[in-house]
Amino acid sequence: MKFSRLFGKSEEPQPPEEPEQPDAEAVADDGAGDGDGFEGVPEGDSDENLDEQWRGRAADVIPGGASTGSKRPAGLYGEGTAFGPTHYTRASGCHITTAGGLTLIDCTMALGSVALGYGDETVTRAVLNAAALGNVAGLSHTSEVDIADRLCDIIPCAEQVRFLKSGAEAVSAAVRIARAYTGKSKVVASGYFGWHDWANDALGIPAGARADVLRVPFDDFAALERACQQAGADLAAILLEPVVEKLPSPEWLAAARRLCDAQGSVLVFDEMKTGFRLRPGGYQEYGSFEPDLAAFGKAMANGFPIAAVVGRAAVMEAAANTWISSTLASEATALAAIAGVLEWHEKTEVCDTLWKTGEEMMGAVNRAIAASGAEGVSVDGIAPMWFLRFDTPARESRFLELALEEDVLFKRGAYNYAAIAHDEQTLIDIEHAASSAFVQLVEETQN
Ligand SMILES: Cc1ncc(COP(=O)(O)O)c(C=O)c1O
């Protein structure tokens, strides 16, 4: 890098220097051995007190203990719980090392944002290279165009793309585009769309911010019709999370399409969890059902911060007539992470593996439940995104605590996510941990 202007030295203009290529291989695999190169911490070297200290430090300086809701202690393990690690220092494959040095198998995969594995070599190398080349500048990086083009090849409804940094932003942008395109206000919505005012009813949000959003339950045909009737000619969009615990019925989606068409409204899918997981193109590819707009994020960049709103060009053009903009929306490291993910999907059938691995995870936990005779718990969801349904929050928390004693982190509520990094040995370990936890839970229930 040249600092001639900064240091006042005059110099002949130079061609750009080849940036030094970072040794991504070393970064991505600094452990020995095969698999995800994770040898773990020798027994006896972990320190639960350290885990507790980090939980305490976080509580002092970060309201709720974490900036991501599901990573707060209450989010991880249940309201009022006082166990379990909350912070990590290293993640590789499907393993995480806690601040106290424990090595855990992670079934949560960072809320589904990682479908390959933590620190994936292909993605890491792409990101490091992009960083070395300068991840932002006064102009847009060519990779913004390149990745947009490639997403249009992969996602059925995508003819144009806008990038943003978070899922909430991408869905908000989809709603803004739908309203700009139709000139209408009302949105009939089913699902979770992030923390923004219009999408949430948390403390601090004025009722007016969501006054034009009519909420309907998942897969409820009658409620969808009623809400659309209520919205009438002012219906800008129907916004659906297409998979919530189960696949949607074709009738529900067909009704959404018909109701949109009747009012000239926009059908939007939030594919945050389903994109690059059920199929690369999300539920719309899996179920052969195209919306007008869709929001993608999470697994699209294997944990790097980027999301996209995509859709039919005629509708997406409205983005140019309203205001959707973020300083770092198209910075190049996260775009490079998408390129790394796309490389994986070109090389191998990632989504087929996620389905198969998820089925094996569900099978393993089902066997553990059956063998222990545990009651009041079932395995639910679909293979790439499944969860444990407990009869009481207290029993769920206790199970999570017992599973941690066996070095496995399960998700409280929905979802556990299959990843490429969950290999055969991991599946065996997951079954063993679940078995021990359920056996202990049954014993405690009987006493
Ligand atoms: C379906 C769906 N939409 C939107 C979001 C919000 O995404 P983010 O947390 O990246 O803002 C999430 C996050 O979990 C999600 O699952």
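Residues are numbered from 1 along each chain, as its sequence is written. Because the model is predicted, local features need pLDDT of at least 70 and side-chain atom pairs count only at pLDDT 80 or more, while totals for chains, interfaces and linings use all residues.

The protein chain contains 16 helices and 14 strands; helices (H or I, at least four residues) and strands (E, at least two) are DSSP runs, numbered from the N terminus. Of the 447 residues in the protein chain, 48% are buried. A residue counts as buried if 20 or more other C-beta atoms lie within 10 Å of its own, as exposed if 12 or fewer do, and as partly exposed in between, with C-beta atoms placed from the backbone. Two residues are in contact if their C-beta atoms, placed from the backbone, lie within 7 Å. Among contacts between residues at least 6 apart in sequence, 75% join residues at least 24 apart.

Strand β10 (residues 307-311) is largely enclosed by the rest of the structure, because 5 of its 5 residues are buried. Ala307, Val309 and Gly311 point one way from β10, and Ala308 and Val310 point the other way. In a regular strand the side chains alternate between the two faces of the sheet. Two strands pair if DSSP finds at least two bridges between them. Strand β4 (residues 160-164) runs antiparallel to β10 and is joined to it by 5 bridges. Strand β9 (residues 293-296) also pairs with β10 in the antiparallel sense, over 4 bridges. Valine 310 in β10 is the bridge partner of valine 161 and of alanine 294.

An open sheet of 3 strands has the order β11-β12-β14, with antiparallel pairing. Its edge strands, β11 (377-382) and β14 (416-417), each pair on one side only. Between β11 and β12 (residues 385-390) there are 6 bridges, and glycine 381 stands opposite tryptophan 386 in β12.

Threonine 327 lies in the loop between α12 (313-316) and α13 (332-347). Threonine 327 is classed as exposed because 8 other C-beta atoms lie within 10 Å. Its C-alpha atom is separated by 9.6 Å from that of lysine 165, 162 residues apart along the chain.

The ligand is surrounded by 14 residues, the closest being Ser166, Gly167, Ala168, Gly194 and Met272; a residue is near a molecule if its C-beta atom, placed from the backbone, lies within 6 Å of it. Helix α8 (residues 167-182) gives the most to this shell, with 3 residues.
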